[in-house]
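This briefing goes through one protein structure by topic. Keep the sequence and the 3D view open while reading.

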Amino acid sequence: MIARPLSRCVSSSASSADWLVVGGGPCGVVAAGLLANDAGSKKGSVHWVDEQRFETLGRFGNYQSVPGNTPVSIFRDVLSTIGGNGFYKDQALREANALSPRDSIQGSKTLLSCPKPDLTCDLSLAIDALSDVSLRLRTESPNIVSHDERRLEKLVLEDDGTWRAELWRDDDVTEINSRRVILVPGRVPSATPPELQQEPAIHVVPVEDAVAPDRLQAVAKQQPVDRWVVVGNSHTGMLVAMNLVKRCGVRPEDITVMSRSPLCFAEARPGPPPYTKFDGTGLKGSVALWARDGEASKLDTQRYTEKEGWASQLRRGTSETVGVVFANGFVTEGSAMPEVVTAAGRVAFPDKCLPPETYDGYTGRLNLGPSVGEGHTLFGCGFGFPEVWDDVEGHSEQRVGFNTVFVEHVQRIIKAANGMPSHAGKQDQHRDPLLQRQA
Ligand SMILES: Cc1cc2nc3c(=O)[nH]c(=O)nc-3n(C[C@H](O)[C@H](O)[C@H](O)COP(=O)(O)OP(=O)(O)OC[C@H]3O[C@@H](n4cnc5c(N)ncnc54)[C@H](O)[C@@H]3O)c2cc1C
């Protein structure tokens, strides 16, 4: 969305908060929940905004029938940490009142009644539980957590280190002064290459439809094709291939998975502390099981190159009709980012995808240029600003998803924004400016 010119301001009112949280998706719920827990009964602590309805839970709400990649026990841990007793009460209510249908993996109506907590479940169970937690956060203590369906368009760093935020709804703007800001804006699927719009034999199916078995089935029925191509072989791409075979009846031989690297599976490591290698992109849960079975090995696999146009790589010189799903990436849209104004000027975020140097993936702190340095309190996290993490084997990866390690990451952000040392591990000391000063 394009930022509106200030001349369209029609009204303005100012208030203040200790924290401004931007984004009501799953990671935004975790951030707001942890801050609400910390705030205790302190009034006016957290102002929480999303430009969409909070009930949609960001993009997560689109994935009802999608098999998740997070074990049920981890969802339970996270949601009970932020939701407390309310989480257990709401789960019991859902169980008793049959508010939800059973999921297809565990055969359960709630996360708490799943018989195999070490396995995954349909995301519908996590969506239900998360929307209950989000609702309680928004309604139970309005003095502590206030919320508003508005878009953050501009942040101005004041001389005293606080942020003045401009929040828009249609033509109406309000201002809030906040001591600290956490951006949790999520990501969107990479755009379809424009050249494919001119190709009548190539039908692009949005990845958000292809990951949901019921939606992909409907699309495949409506638009039969000779061959399918899935671009990308991370968890999402292989889930699409699995949906095509298991739910749409497509023969594995008629599916080409195009990738740039070999298949990669998430691997449990004992630690200490225990961790999951390739957690962000590696295959997990039902997708990993399927990818290891005999049928999946019949998939046609090929390398793709960005040097050659997509149309010729997909057509392969034939006149076949091809269904294509681009599952090769999500991007943080520069256009979802607020304009950030500091004494040194404006920090511009390019319109397409945010370059990695926009923020420090280890600490979540945004990079506002040398004149501001690291002393400010503007942070990003969630799918839009994934944590970067080095494991003990020296492998570095991005961690995504709302899980236990995300909770720990947000807790470190909260500490850092409060001016406390946040990275306890020795290997991380160079990333924490406060620890660096103390060393
Ligand atoms: C196949 C598949 C399976 C998955 N399985 C799992 C899983 O098992 N576990 C898991 O944790 N994740 C899973 N995910 C990923 C999950 O969907 C994402 O991690 C999640 O949606 C990201 O959450 P988020 O809160 O960071 O962002 P989002 O859900 O995208 O929410 C961001 C919110 O920010 C708002 N926003 C953005 N900019 C502004 C602004 N300027 N002003 C106001 N509001 C703004 C948006 O309106 C949006 O509501 C899966 C994804 C896929 C595709």
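**Strand pairing, domains, core and ligand shell**

E4 and strand E16 (residues 339-342) run parallel and are joined by three bridges. The model is a predicted one. The domain assignment divides the protein into domain 1 (6-187 + 334-438) and domain 2 (190-328).

- E4 is largely enclosed by the rest of the structure, because five of its seven residues are buried.
- On the E16 side, Leu155 has Val340 as its bridge partner.
- Val340 in turn has a bridge partner in E17, namely Val347.
- E16 and strand E17 (residues 345-347) run antiparallel, with three bridges between them, and a hairpin of two residues connects E16 to E17.
- E4 also pairs with strand E5 (residues 163-169), here antiparallel and through six bridges.
- In that pairing, Leu157 is opposite Trp163 of E5.
- The hairpin of E4 and E5 has five residues between the strands, and Gly161 there has a positive phi near 85°.
- As background, side chains in a regular strand alternate between the two faces of the sheet.

**Leu155 in detail**

- Neighbours within four places in sequence aside, the contacts of Leu155 are Trp163, Ala165, Val181, Pro338, Val340, Val341 and Leu378.

- The C-alpha centres of domain 1 and domain 2 are 29 Å apart.
- Contact between the domains involves 17 residues of domain 1 and 16 residues of domain 2.
- On the side of domain 1 that touches domain 2, seven residues are nonpolar, seven are polar and three are charged.

**The largest nonpolar core**

- The largest nonpolar core has 102 residues, of which Val21 and Ala31 touch the most other members.
- This core lies between domain 1 and domain 2, because both domains give residues to it.
- Which residues does Ala31 touch, not counting those up to four places away in sequence? They are Val21, Ile182, Val184, Cys381 and Val410.
- In soluble globular proteins, nonpolar side chains tend to be buried together.

**The shell around the ligand**

- The ligand has 37 residues around it, and those that come nearest are Gly25, Gly58, Gly186, Gly382 and Gly401.
- Two or more residues of the shell come from each of helix H1 (26-39), strand E4 (151-157) and helix H7 (235-246).
- Which element gives the most to the shell? H1 does, with three residues.
- By type, the shell has 18 nonpolar, 15 polar and four charged residues.
- Domain 1 and domain 2 each supply at least three residues to the shell around the ligand.

- Most residues other than glycine have a negative phi.
- Asp170 has a positive phi, near 50°, and sits in the loop between E5 and strand E6 (172-183).
- Asp170 has 10 C-beta neighbours inside 10 Å, and the cut-off for exposed is 12 or fewer, so Asp170 counts as exposed.
- Phe278 also has a positive phi, near 60°, and lies in the loop between strand E12 (275-277) and helix H8 (285-291).
- Phe278 is partly exposed, because there are 17 other C-beta atoms within 10 Å.

Note on methods:
Residues are numbered from 1 along each chain as its sequence is written. This is a predicted model: local features need pLDDT of at least 70, side-chain atom pairs count only at pLDDT 80 or more; totals for chains, interfaces and linings use all residues. A residue is near a molecule or strand if its C-beta atom, placed from the backbone, lies within 6 Å of it. Helices (H or I, at least four residues) and strands (E, at least two) are DSSP runs, numbered from the N terminus. Ala, Val, Leu, Ile, Met, Phe, Trp, Tyr, Cys and Pro count as nonpolar, Asp, Glu, Lys and Arg as charged, and the others, Gly among them, as polar. Domain bounds come from an automatic or database domain assignment. Two strands pair if DSSP finds at least two bridges between them. Two residues are in contact if their C-beta atoms, placed from the backbone, lie within 7 Å. A nonpolar core is a set of buried Ala, Val, Leu, Ile, Met, Phe, Trp, Tyr and Cys residues joined through C-beta atoms within 7 Å. A residue is buried if 20 or more other C-beta atoms lie within 10 Å of its own, exposed if 12 or fewer, and partly exposed in between; C-beta atoms are placed from the backbone.
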